[in-house]
Amino acid sequence: MMKQAIASAFLVVAAIALPLLIGDNPYVTGILITLLMMATLASAWNIVGGYAGQFSFGHAAYFGAGAYSTMIMLSVFNTNPLVGMATGIVVSSLIALVTGSIVFRLKGHYFALASIAVAEIVRLTVLNLDFTGGAQGILLSDVAFLGLDLNSKNPFYYGMLSCLVVTLGITAYLRRTRTGYYLQAIREDQDAAASLAINIAYYKNKALLISAALTSVVGSIYALYIRFIDTTAVLDLRLSIEILLTAIIGGVGTLWGPLLGAALLVPLAEMLRSNVLGDAMVRIGIVSETSPIGMFFKDGLAHAHVLVYGIITVLCILYLPKGILGLLRRGK
Amino acid sequence: MTRKLLCIDNVSKHFGGNVAVSEVSFAVEEKQICGLIGPNGAGKTTLFNCIAGYYPVTSGDIVFNGLNINRKRPDQVCRLGMARTWQRVKPMSNMTVLENVMVGAFASTGALRKAETIARQELLVVGLENYAGKLAGSLPIGLKKKLELARVMATSPKMLLLDEICGGLNKTETGIILGIIRTLRERGVTIVFIEHDMKAVTSICDNIVVLSSGEKLAEGTPVEITANPEVIAAYLGGGSSNA
């Protein structure tokens, strides 16, 4: 317990100091921001998906709710970004409550299916409304907040880092409360949980609400960071799946698993995209540049990062049901 | 004059055209141990599921502690003071033994420390104190049954519904479980239990209700039931079913 607290504190200090070590390197900072973002999203997903065992395939809806609320409040009403963020929390909570109150009384995979349906409804609605910018999305030329230099990446690094710390803090706290125990009991056996005075629907909704609100805040920060959003960027099913995979590959139902998943997958995806891996293989001489395999590695692999994700996921599900964190723990 | 804690009044449960329980009535007095017996398919577990809130009854009334609980959810029924165990044990496999019992204890307290204290006490009662840190899924069946008992007792119930708590256990283990049930009765808990082992039932029950094909066949003390010719024909000496 004590050891873990010291290790966490050390990790936070290191994360705070990191941009100073990197200096002015927008490329690396950008990757780190993505890493922190995916870690936070997967950790927030983990509260309802990992602890309560309710697999959501539609978390992009909450992310998008945060992003769109912030952008609309800023571009239409010219409010403070915090107002947009708060609006996002309200909107995503409403989406969560409607979904949850309809399907959480049911057992089994209904929630997983419904979460996809709701996310698609949200995406199509946003795509077809005028004030959301439709297919064109929303572009924001300039934004001011607390006098920060928002053209630099550092404020967003710290913003995402704060989100991650808060999300992991909430998770760690929940694990030590009645709610945390109840969520795990529901995951393990819903009937047994009900027979022990646990109001199943209430606790599932609670978990989903917390998860949705946190996801929405990350969406808000992301929108301010990129300053251009459309439905493909923030409401796509692909995003929902990536969040889920990050948590599963890292280790569901554990505090550190989702962070570990992001720490492995985000750099991996970046290496594939920028073709570091393909180039390296050719350079080391594993494959010849002129052979068909070599040409695939050099040109094709960059477009195949989702394929690699998929292969890793299949391997994880087959051989590491408790994720990479489970593998590390088993090794001890 | 003892008080009736649970009244089953003309309860029927149909699944489509299938009649699983048909107009069954009986009452359980406070601090009694009531046995519910009958051949396989007699409707015992279905009746349990109705009482505990898992199935809505088709007709009739279930009154617990003066309150009609026909429309209550399982968690509400448990909150009112009636807890159940499962014929096929349902441990929370990836949680430790202690955590399993703490989940039960959280029914009466929101504080982690308090829940842990209650849980450790109940583990002591059933003799699982040395397994507290083990994963529940790793226990053998005999210990899982004990875990079920500790977990429901941690909810501090007035009444326990035990569904074949001795099922699949050997003689020694059955003896231990019956001993635990007796100590629970001394703590003031009323118990209804489904059991196939007639020796276990007659040794511990004050009152026995016999179900057959969904209907109540007989009710009485163990001596009356074992002497009842109808019960012997339908169940005890029935040949087709195992007693």
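**A walk through chains A and B**

Helix 6 of chain A buries Phe156(A), Tyr157(A), Gly159(A), Met160(A), Leu161(A), Cys163(A), Leu164(A), Thr167(A), Leu168(A), Thr171(A) and Leu174(A). This is a predicted model. The helix covers residues 154-175, which makes 22 residues. From the first C-alpha of helix 6 to its last is 32 Å, close to the 32 Å expected at 1.5 Å a residue. The packing partners of its buried residues belong to chain A as well: helix 1 (2-22), helix 2 (26-51), helix 7 (178-188) and helix 9 (200-226).

The rest of chain A can be set around this helix. In chain A there are 16 helices and two strands. Its radius of gyration is 20 Å, close to the 20 Å that the globule rule gives for 332 residues, so chain A is as compact as a globular protein of that length. The C-alpha trace of chain A spans about 65 × 55 × 40 Å along its principal axes. Of the 332 residues in chain A, 45% are buried. Among the contacts in chain A with a separation of 6 or more, 75% come from residues 24 or more positions apart.

The domain assignment divides chain A into domain 1 (2-253) and domain 2 (274-332). Taken over C-alpha atoms, the centres of domain 1 and domain 2 of chain A are separated by 27 Å. Where they meet, six residues of domain 1 of chain A are in contact with nine residues of domain 2 of chain A. The side of domain 1 that touches domain 2 has four nonpolar and two polar residues, and no charged residues.

Chain B comes next. It has nine helices and 10 strands. The radius of gyration of chain B is 18 Å, which agrees with the value near 18 Å that a compact globule of 243 residues would have. Along the principal axes, the C-alpha trace of chain B spans about 50 × 40 × 40 Å. Buried residues account for 47% of the 243 residues of chain B. Of the contacts in chain B with a separation of 6 or more, 66% are between residues 24 or more positions apart.

Four strands of chain B make an open antiparallel sheet in the order 2-1-4-5. Strand 2 (18-29) and strand 5 of chain B are the edge strands, each pairing on one side only. Strand 1 (residues 4-15) of chain B runs antiparallel to strand 2 of chain B, and eight bridges join the two. Phe15(B) is placed opposite Asn18(B), which lies in strand 2 of chain B.

What remains is the interface between the two chains. There, 23 residues of chain B are in contact with 17 residues of chain A. On the side of chain B that touches chain A, the elements giving two or more residues are helix 2 (74-79), strand 6 (82-84) and helix 3 (97-105) of chain B. By class, that side of chain B has 12 nonpolar, five polar and six charged residues.

Terms used. Residues numbered from 1 in each chain as written. Chains lettered and ligands numbered in written order. Predicted model: local features only at pLDDT ≥ 70, side-chain atom pairs only at ≥ 80, totals over all residues. Contact = placed C-beta atoms within 7 Å. Nonpolar A, V, L, I, M, F, W, Y, C, P; charged D, E, K, R; others polar. Expected span 1.5 Å × (residues − 1). Buried ≥ 20, exposed ≤ 12 C-beta atoms within 10 Å, placed from the backbone. Domains from an automatic or database assignment. Rg over C-alpha atoms; globule rule 2.2 N^0.38 Å. Pairing = 2+ DSSP bridges.
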